[in-house]
Amino acid sequence: MSYFTEILADSGDGFRALDVDVRDANDLDDLVDMMRSAAGDDGEAVAVIEHEDEWFGLVRLCADNEVKVFLSDLAAVEASPFAEIFADFLDSRPDAYEAEPEEDFGAEEDETEADEDEDDAEVEMLEFDADAEWAGDPDIYTDRGVPAATLIDQVESYRSDPARVVAHVGETVGFADQLEAAR
């Protein structure tokens, strides 16, 4: 599975793709500096990072230099080559004992052999975590027509198709055509 990355700047007349490689960033500050220098002082920019069929990240540099980040699946980001960029978000996750203090961490072993035989006969498929944890600012584009609730609903409804969610955001905000041309 491959990664797709792109940085787009909003020049006021619409978005344009920037000649900047997200993979050159060592951390979020580096990425924001790259976006700022390529977009100009008074423009907005968005960095899009997608891992095919798994997760996406949006980093928005607002005109007032505010930075907003949204990640669709923390566990997948943590296992990606972009984990260092989003380390602040990964480090902020609560430990299992903090998140659910009353949970029994012992595994129950009540499965029968019939269940195991059924599992062996199944075709191995990619399993998407229905409870995957998103992180960041779901209100990243509320001011441009994508309410936080809509973004979260899209992420939860289309876990296996992050490009669909990014396309929805792009259509609403105005960068879908440029993003598609960059693919």
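Tutor: Burial comes first: a residue is buried under 20% relative accessible area, exposed over 50%, and partly exposed in between (1.4 Å probe, protein chains only). This is a predicted model, where local features need pLDDT of at least 70, side-chain atom pairs count only at pLDDT 80 or more, and totals for chains, interfaces and linings use all residues. Residues are numbered from 1 along each chain as its sequence is written, and side-chain values use heavy atoms, leaving out hydrogens and water.

Start at Asn65. Its relative accessibility is 41%, so Asn65 counts as partly exposed. Asn65 sits in the loop that runs between β4 (55-61) and β5 (67-71). Strands here are DSSP runs of E with at least two residues, helices are runs of H or I with at least four, and both are numbered from the N terminus. Now look at the backbone. Most residues other than glycine have a negative phi. Asn65 has a positive one, near 70°, and is not a glycine. The hairpin of β4 and β5 that holds Asn65 has five residues between its strands.

β4 and β5 run antiparallel and are joined by five bridges; two strands count as paired if DSSP finds at least two bridges between them. Arg60 has Lys68 of β5 as its bridge partner. Leu58 is bridged to Phe70 in β5. Phe70 also has a bridge partner in β6, namely Gly136. β5 is mostly covered, with four of its five residues buried.

Now step back to the sheet. Six strands form an open sheet in the order β2-β1-β3-β4-β5-β6, with antiparallel pairing. β2 (15-17) and β6 are the edge strands; each has a single partner, so one side of each lacks a neighbour in the sheet.

A helix lies against this sheet. α7 (residues 162-173) packs on it and touches β2, β3 (44-51) and β4. Contact means heavy atoms within 4.5 Å. The direction of α7 makes about 25° with that of β4; axes are lines fitted to C-alpha atoms, for helices over the stretch in contact, and angles run from 0 to 180 degrees between N-to-C directions. α7 has twelve residues and reaches 17 Å from first C-alpha to last, close to the 16 Å expected at 1.5 Å a residue. That expected span is 1.5 Å times one less than the number of residues. Pro162, Val165, Val166, Val169, Gly170 and Val173 are the buried residues to look for in α7. They cover an arc of only 135° around the axis, which puts them on the same side of α7. The arc is that of the directions from the helix axis to the C-beta atoms. The cover over these buried residues includes β2, β3 and β4, along with α6 (148-157) and α8 (176-182). Just past α7, Gly174 has a positive phi of about 115°.

Compare α1 (residues 28-39). Its end C-alpha atoms are 16 Å apart, which agrees with the 16 Å that its twelve residues should span. Leu28, Leu31, Val32, Met34, Met35 and Ala39 are buried in α1. Down the axis of α1 they fall within an arc of 160°, so they line one face of the helix. Asp29 and Ser37 are exposed, on the face turned away from that buried side. At the start of α1, a side-chain oxygen of Asp27 comes within 3.2 Å of the backbone nitrogen of Asp29. After α1 comes Gly40, with a positive phi near 95°.

Ser80 lies between α2 (74-78) and α3 (87-91). With 8% relative accessibility, Ser80 counts as buried. Leaving out residues up to four places away in sequence, Ser80 touches Tyr3 and Trp55.

Finally, the whole chain. There are eight helices and six strands. Of the 183 residues, 38% count as buried.

How values were computed:
A polar contact is a pair of N or O atoms within 3.5 Å; within protein, one must be able to donate a hydrogen and the other to accept it, and residues adjacent in sequence count only if both atoms are side-chain atoms.
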